[in-house]
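This report is an introduction for a reader who has not seen this structure before. It goes from a sheet and its strands to the nonpolar cores, then to a single residue and the chain as a whole.

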Amino acid sequence: MYDVLLEKICRQLELGTLTAPPGPLSGGYLHKMYSLFTWKGRYAVKLLNPHIMRRETALENYRRAERLERILEENQIPIVPALDFGGKKMQETCGQFFYLYQWYEGRALRPEEIRVFHCTQMGGLLARIHGLDTGEEAGAMQDNTADAAWEVLTDWDHYMELLSGKNRELCLLMKENLSLLYEVQEKGNQAARKLSPVRAICHNDLDNKNVLWRGEDCRIIDLECLDYGNPFLELYDTALYWSGIELCHIDYCMLGVFVRAYAEAGGRLPEDWEVLYHSSLGRLEWLEYNVRRALGMECSEEEVEIGISQVRHTMAQIIYYHEAKEYILNCLGQAEDVRTCHIPHRCQI
């Protein structure tokens, strides 16, 4: 389907003639990626989701991410940056926006493959990113956003009603957990108002699928979400990802290891972990986005099944996260000395 488009991209950017059919790459849920073999080398191309690109703020968000990506490059953070053509990273052909990358011979870890070493490395890397000096622009961003109240105001009853005529299974799943969704949303909005106004460069999606490993060497990818954000909240969410939240089975020792590595690399730890626990509303936002996809709203037909699958998976995470509160806070409260962290699971060596 995309072969003609990819051949045009090769001609437009003078990458050389394709020597093998383009191969689809797995991993992302928003955009499409392909590998390109040409006589000049191997590349990865990311075709940006056209539905996302239609949003009013999309282009400005990507431009800001590109500026921050350059800062990461200049500070030798191990990333796979988008290639620059004619002074621009984002390219366009036939109405399709895309990024091109030099190929990196690594792979993303499956959640069950993550070990203490990886948590230690990522905790340290995250601290380095948060500690980057961004100069006047970061200060201006902090002044403009520090007092802004971030809220999630989703009408879950409305979505349940829409699902009743489209997908009975998802409708029942939402109905069974409706009170929990509203509880999480309300407590999250209250807690978000208490977040420290501190700002730093944040990746905003630094989970296992967005880091490629080759032995002990790694490269961070998917940098389109780079922005200024709350480093405490990103530390919290990222530590959860790398310690097993995706599997609904957190290894509490690895959670503590991640946070300790962050602190030892110079990262500052928050004063109140419970505020962060409730402020972590990304799962709710991802649930709403995928409910809309499951309903066929603002997406292509091929994304509907992805949406249905992600609704099931995300709802399971929300339930698990709610039930794990005591264990999470107990571990993080003692994270400065992982050896005393009382945990129900052992570290994976």
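Two strands count as paired if DSSP finds at least two bridges between them. In this predicted model, strand β2 (residues 32-38) and strand β3 (residues 41-47) are joined by seven bridges in the antiparallel sense. Tyr34 has Val45 in β3 standing opposite.

**The sheet**

β2 and β3 belong to an open sheet of five strands, which follow the order β1-β2-β3-β5-β4 with antiparallel pairing. The edges are formed by β1 (23-25) and β4 (91-93); each has a single partner strand, so one side of each lacks a neighbour in the sheet. On average, neighbouring strands of this sheet are turned by 35° against each other, direction ignored. Helix α1 (residues 3-12) packs on the sheet and touches β2, β3, β4 and β5 (96-102). The direction of α1 makes about 125° with that of β4.

**The nonpolar cores**

In soluble globular proteins, nonpolar side chains tend to be buried together.

| Core | Residues in it | Some members |
|---|---|---|
| Largest nonpolar core | 56 residues | including Ile201, Ile220 and Tyr236 |
| Another core, apart from it | 21 residues | among them Val152, Ala294, Met315 and Ile318 |

Within the largest nonpolar core, the residues with the most contacts also include Trp242, Leu255 and Ile328. Helix α10 (residues 252-264) gives the most to this core, with eight residues.

Which residues does Tyr236 touch, not counting residues up to four places away in sequence? They are Trp273, Leu276, Tyr277, Ser280, Tyr321, Ile328 and Leu332.

**Asp207**

Asp207 is placed in the loop between β7 (200-202) and β8 (211-214). Is Asp207 buried or exposed? The relative accessible area of Asp207 is 6%, and the limit for a buried residue is under 20%, so Asp207 counts as buried. The side chains of Asp207 and Lys209 are joined by a polar contact of 2.7 Å. Leaving out residues up to four places away in sequence, Asp207 touches Tyr241 and Trp242. Trp242 is also among the residues with the most contacts inside the largest nonpolar core.

**The chain as a whole**

The protein chain contains 14 helices and 10 strands. It has 349 residues, of which 50% count as buried. Of the contacts in the protein chain with a separation of 6 or more, 71% are between residues 24 or more positions apart. The chain exposes about 17,300 Å², and carbon and sulfur atoms supply 49% of this area.

Note on methods: Residues numbered from 1 in each chain as written. Predicted model: local features only at pLDDT ≥ 70, side-chain atom pairs only at ≥ 80, totals over all residues. Heavy atoms only, no water. Helix = DSSP H or I, 4+ residues; strand = E, 2+ residues; numbered from the N terminus. Axes fitted to C-alpha atoms, helices over the stretch in contact; angles between N-to-C directions. Contact = heavy atoms within 4.5 Å. Core = buried A, V, L, I, M, F, W, Y, C linked by side-chain atoms within 4.5 Å. Buried < 20%, exposed > 50% of the residue type's maximum accessible area, 1.4 Å probe, protein only. Polar contact = N/O pair within 3.5 Å; in protein donor to acceptor, adjacent residues only side chain to side chain. Areas by Shrake-Rupley, 256 points an atom, 1.4 Å probe, with all protein chains shown as cover.
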